[in-house]
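This briefing walks through one protein model, topic by topic. Please keep the sequence and the 3D view open while reading.

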Amino acid sequence: QVQLVESGGGLVQAGGSLRLSCAASGRTFSSYAMGWFRQAPGKEREFVAAINWSGRTTSYADSLKGRFTISRDNAKNTVYLQMNSLKPEDTAVYYCAGGLYSSSPHQYNYWGQGTQVTVSS
């Protein structure tokens with residue numbers, strides 16, 4: 001079992017940056033791929049980024065490439081999402097997830113509770 005807790009969300013002005021963290025419990029963190037997803041009000045949950053177990057392979061939603069960076073520190077059981085040049089349309093609840101390396105939420109078994117990111121114009 002893996003328990004995930006996100007942090008780092010908040011209110012930021014457009015053009016600003018935030019760094020989300022997701023701390024995992026359990027000794028098997030390094031065996032899971034990790035992903036970030038987001039869900040805006042009235043919209044479906046969408047893929048943001050994924051990273052494989054070693055951190056050597058990453059993928060991003062096409063619309064977010066160049067602005068968002070996913071990374072992980074297996075020694076700290078933590079995955080990060082650095083978000084730069086934020087836009088109002090990035091406003092959403094951001095979730096981290098653990099499972100198989102994929103852009104599909106169905107491939108992830110473990111989910112955090114989410115952290116709110118609000119970008120003001």
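Is Y108 buried or exposed? Y108 counts as buried, because its relative accessibility is 4% and the cut-off for buried is under 20%. The model is predicted.

**Aromatic rings**

- The model has 6 aromatic pairs.
- In one of them, the ring centres of Y32 and Y110 are 5.4 Å apart and the planes meet at 85°, so this pair is edge-to-face.
- W111 has a relative accessible area of 28%, so it is partly exposed.
- Y108 and W111 belong to a cluster linked by ring pairs, together with F37, F47 and Y95.

**Charges over rings**

- R45 places its charged end over the ring of Y95, at 3.9 Å from the ring centre.
- The face of F29 has R72 over it, 4.5 Å from the centre of the ring.

**The disulfide**

- A disulfide is a covalent bond between the sulfur atoms of two cysteines.
- The count here is 1 disulfide, and it joins C22 to C96 with an S to S distance of 1.9 Å.
- This link, too, bridges distant parts of the chain: C22 is in strand 3 (residues 18-24) and C96 is in strand 9 (residues 92-99), 74 residues apart.
- The link of C22 and C96 is right-handed, with 45° about the S-S bond.
- C22 and C96 are both buried.

**One sheet**

- Strands of a sheet pair through backbone hydrogen bonds, either parallel or antiparallel.
- An open sheet is made of 4 strands in the order 1-3-8-7, with antiparallel pairing.
- Strand 1 (4-7) and strand 7 (68-73) are at the edges; each has a single partner strand, so one side of each lacks a neighbour in the sheet.
- On average, neighbouring strands of this sheet are turned by 15° against each other, direction ignored.
- The antiparallel pairing of strand 7 and strand 8 runs over 6 bridges, and D73 stands opposite T78 in strand 8.

**A buried loop residue**

- D90 is in the loop between strand 8 (78-83) and strand 9.
- Its relative accessible area is 1%, so D90 is buried.
- Beyond residues up to four places away in sequence, D90 touches R38, L64, R67, F68, S85, V117 and V119.

Key: Residues are numbered from 1 along each chain as its sequence is written. This is a predicted model: local features need pLDDT of at least 70, side-chain atom pairs count only at pLDDT 80 or more; totals for chains, interfaces and linings use all residues. Side-chain values use heavy atoms; hydrogens and water are left out. A disulfide is a pair of cysteine sulfur atoms within 2.5 Å. Helices (H or I, at least four residues) and strands (E, at least two) are DSSP runs, numbered from the N terminus. Buried means under 20% relative accessible area, exposed over 50%, partly exposed in between (1.4 Å probe, protein chains only). Contact means heavy atoms within 4.5 Å. Two strands pair if DSSP finds at least two bridges between them. Axes are lines fitted to C-alpha atoms, for helices over the stretch in contact, and angles run from 0 to 180 degrees between N-to-C directions. Rings of Phe, Tyr and Trp (its six-membered ring) pair if their centres lie within 6.5 Å; planes under 30 degrees apart count as stacked, over 60 as edge-to-face and the rest as tilted. A charge sits over a ring if NZ of Lys or CZ of Arg is within 6 Å of the ring centre and within 35 degrees of the ring normal.
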